[in-house]
Amino acid sequence: MVSLSEKFSPLQSKSFSLLDDETEKKIVDGVYDILEEVGVELTDEESREILKDAGAELDGDRVCLPAGIVKEAIESAPDTFFLYDQTGEDGLSLEGRKSYFGASIDGPALLDPREENYRDCFEADIGWIVRLVDELANISFLMPAGFAADHDSTMAEIVATKQVLLNTDKPFVAITESLDDLKAVHRMAEAKAEGNFADKPFFVNYAEPISPLVNPDSSARKIRYCAETEIPLLYSPFLAMGATAPQSHITAVAQGVAESLFGLVLQQRINPGSPFVLGGMPSMMDMETANFSYGAPDLQLMSSVLSEIGHELGLPVFGTAGTGDSKLFDGQAVLEALSSSYMAALAGTNLVHDVGLFGSAKILIPEMIVAMDEIIELLRHTLGSDQLSGDVEVGLLKELGPGGEFVSHQHTMENFKDSWYPRFVDRNPFSIDKPEEAWDFRGAVRNYLEEFLAEDEGEPAASKELTRKLRKVQEEFADRKA
């Protein structure tokens, strides 16, 4: 295993569990029963033939997977793998309870920090947001979704990926709508890696089934392509209790795990040992608003349970935190981001995505990406802390005795920096005579972002040669789509 530097230091919590052994077994057994007795819809003929040869039962568009096939795929997949950064020198070790947080860098709408209004997200915005994320030490990866409004929607994913490759060396999760889009992203990554991508992959491809239990042809083809080219695969459903899943938390989790594992089975039949990430975004449909809730405790609860099941199966896990339903940079946004991040870290979710994406995945709030960098640092000093190790220093208390002071003691000088000293949280003493000296968290974050934008030169740090190569790939695929 490649060693980690502090650049990508994971947050690693102690043991935590929401499930007792009996409930965990119920969910896992339910997953196997869903795949074997209910099955999934699959119409892609090549994928159907692969699974038929493996022993799956086909009935029209329905494919049922015997438990033995599923268990064999789980056993053949690696329980850990290394997602490199774009230099090939560092990266994320996806294993155990190590958690890494990743930011969304575009969305259907952007809450513009300059004007504080909602507007479309453009390619130039994606560029500066990527450069912002590159500066934030606690944001370990990025997730471009393809919402550059100044480009045709069929090219937006490719444009967003180009900005990631030009403006940071951090790894990313690629969302691709079609196989052609995935091929374009792969070509761009190969250009950045100068042909070394297969040996040191730095993106995971995100693909989705459609809940409940439907696998579109485009998703099946992307699974096969990832298996053939050894691109790490993340297969993650997006399901809502009461709409696309039953109004039962453990049943919804079992459904989501089953949907994700279908991708694993197909991938492993093609290329055993290929890297796979178990994923799922299970939440609830708010019956008052008919909205998929990003801030509901249901999402936090079920995402954490899904992570526990992933750990039990021995697979790296993808989850959701640092997000919510708020449409502003306000107290609700911070509450939702903090509570979801605590749950993700406690559950040991490996790739934690959607940092900064709010309004039920419709609004990107850059201030919340900055705020989350502070929140993750706070979590490091609580859940990931090793400050509870060592001995009780009775001798130190004996030396100073009752009434002694520790401010000037050498022990304090040597150890006080172990505590957390925040950038944006106000700890200044309050004076009723000078209330103007109090500052607020929102203002401190906004000041940081304003300074960043004032200093940002608006140009990628990448070489002109890489820029030329990526533009060439973009133009080739634009011509193909025309």
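The structure is a predicted model, in which local features need pLDDT of at least 70, side-chain atom pairs count only at pLDDT 80 or more, and totals for chains, interfaces and linings use all residues. Residues are numbered from 1 along each chain as its sequence is written, and side-chain values use heavy atoms, with hydrogens and water left out.

The mean pLDDT (the predictor's confidence in each residue, from 0 to 100) of the protein chain is 94. A value of 70 or more is reached by 98% of its residues. Over residues 1-5, the pLDDT is below 50. This stretch still has 16 contacts (heavy atoms within 4.5 Å) in the model, beyond near neighbours in sequence.

Helices (H or I, at least four residues) and strands (E, at least two) are DSSP runs, numbered from the N terminus. Helix α6 spans residues 179-193 and has 15 residues. Its reach from first C-alpha to last is 21 Å, close to the expected 21 Å. The expected span is 1.5 Å times one less than the number of residues. Buried residues (under 20% relative accessible area; exposed is over 50%, partly exposed in between; 1.4 Å probe, protein chains only) of α6 include D181, L182, H186 and K192. Their cover includes α5 (156-167), β11 (172-175), β12 (203-207), α7 and α15 (464-481). E194 follows α6 and has a positive phi, near 55 degrees.

Helix α7 (residues 217-229) contains S218. S218 is partly exposed, at a relative accessible area of 29%. S218 and G88 lie 130 residues apart in sequence and 30 Å apart in space, C-alpha to C-alpha.

Four strands form an open sheet in the order β9-β8-β22-β21, with mixed pairing. The edges are β9 (117-119) and β21 (357-358). Each has a single partner strand, so one side of each lacks a neighbour in the sheet. Pairing requires at least two DSSP bridges between two strands. β21 pairs with β22 (residues 363-364) in the antiparallel sense over two bridges. The bridge partner of F358 in β22 is I363. Helix α11 (residues 366-380) packs on the sheet and touches β8 (109-112), β21 and β22. Its direction makes about 75 degrees with that of β8. Axes are lines fitted to C-alpha atoms, for helices over the stretch in contact, and angles run from 0 to 180 degrees between N-to-C directions.

T323 lies in the loop between β19 (318-320) and α10 (331-347). T323 is buried, with a relative accessible area of 1%. Not counting residues up to four places away in sequence, T323 touches Y294, E336, A337, S340, D354, L357 and F358.
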